[in-house]
Amino acid sequence: ATSGTVGFRPTIDALAAGKPVALANKETLIMAGHLVTEAAALSGAPLLPIDSEHSAIWQCLQGEQPYAERVRRLLLTASGGAFRERQASTLGDVTPEEALKHPTWSMGPKITIDSATLMNKGLEVIEAYWLFGVPADRIDVLVHPQSVVHSMVAMVDGSVIAQLGVTDMRLPIQYAFSYPDRWTAPMPPLDLTRCGALEFAAPDTDRFPCLDLAFRALTGDAGLPVVLNAANEVAVAAFLEARLPFTAIPEVITGAMDAHERNGTSRIRHLDDVRVIDRWAREFAGQSAAGLQ
């Protein structure tokens, strides 16, 4: 559950030692996904997801291996964040206080801003790619404001399997620890009679381009996810400190990704390579953010 790049070494070392890892650290998979999955594959240690969306997909996939033959699409659900219904022309004026008012989840400041920009869902797309081995073009995002359906899997026969539950992170955390068993949960069960209508819609990537940036990173140069994550952290911090407009967050990330691609292709063979790209991206994004104040 460590945050940031400090989670790299203990995660990979634990997997290499054959120990199960229940992972809540996004950066580890986003920036070093192939190193993590290689370590797990070599030792046979299980990598267990903690994010509610990935836990939902994992639960839907029980008994469905091999995934490549049975899964048509992974469907990650998103609340839509604090500005799901806000007009594009007003997004440049939003304040950190407004962005921190998440409609359904109680989370930390950084992840709440990522939810508002849809970057959080983009990062989860990258995580899903590494956790489940499903190609990027078979991973979709659906805006689901009620946050009752935590994610779904569309199977090749047309069936869609969904996992529903209350908005409480204790559920996916507990399942990672109890797997393959299920324990009695210390919270009330989901009451379907009180849920009302469940809505689903396509994300608006014109208003919230960060989701497309994540797909670009996933399908591009090996270093792009590192740049995406680092530049986003710098831009979000600047926004929370009221040094950067909300709409400039994707601008900072795009500029860093463009500059990385102009520098040429990168190879990531070990964690030191990740750290080099991460440091460069943070410095570049910091300078860009200063210029966009």
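Me: Is Cys60 buried or exposed?
Reply: Cys60 counts as buried, because its relative accessibility is 6%. Keep in mind that this is a predicted model.

Me: And what about Cys210, buried or exposed?
Reply: Buried as well, with Cys210 at 1% relative accessibility.

Me: How many disulfides are there?
Reply: The count comes to 0 disulfides.

Me: Switching to helices. How do α11 and α12 cross?
Reply: Helix α11 covers residues 249-262 and helix α12 covers residues 271-291; their axes come within 9 Å and cross at roughly 130 degrees. That angle makes α11 oblique to α12. The crossing of α11 past α12 is right-handed.

Me: Which residues meet there?
Reply: From α11, Val252, Gly255, Ala256, Ala259 and His260. They meet Ile277, Trp280, Phe284, Ala285, Ser288 and Ala289 of α12.

Me: What classes of residue are in the contact of α11 with α12?
Reply: It has 8 nonpolar and 3 polar residues, and no charged ones.

Me: New topic. Where is Glu64?
Reply: Glu64 lies in the loop between α3 (52-60) and α4 (67-70).

Me: Buried or exposed?
Reply: Glu64 is buried, at a relative accessible area of 19%. The cut-off for buried is under 20%.

Me: What does Glu64 touch?
Reply: Leaving aside residues up to four places away in sequence, Glu64 touches Arg70, Met155 and Ile161.

Notes. Residues are numbered from 1 along each chain as its sequence is written. This is a predicted model: local features need pLDDT of at least 70, side-chain atom pairs count only at pLDDT 80 or more; totals for chains, interfaces and linings use all residues. Side-chain values use heavy atoms; hydrogens and water are left out. A disulfide is a pair of cysteine sulfur atoms within 2.5 Å. Buried means under 20% relative accessible area, exposed over 50%, partly exposed in between (1.4 Å probe, protein chains only). Axes are lines fitted to C-alpha atoms, for helices over the stretch in contact, and angles run from 0 to 180 degrees between N-to-C directions. Helices (H or I, at least four residues) and strands (E, at least two) are DSSP runs, numbered from the N terminus. Angles under 35 degrees count as roughly parallel, over 145 as roughly antiparallel, 65 to 115 as roughly perpendicular and the rest as oblique. A crossing is left-handed if the near helix is turned anticlockwise from the far one by less than a right angle, and right-handed if clockwise. Contact means heavy atoms within 4.5 Å. Ala, Val, Leu, Ile, Met, Phe, Trp, Tyr, Cys and Pro count as nonpolar, Asp, Glu, Lys and Arg as charged, and the others, Gly among them, as polar.
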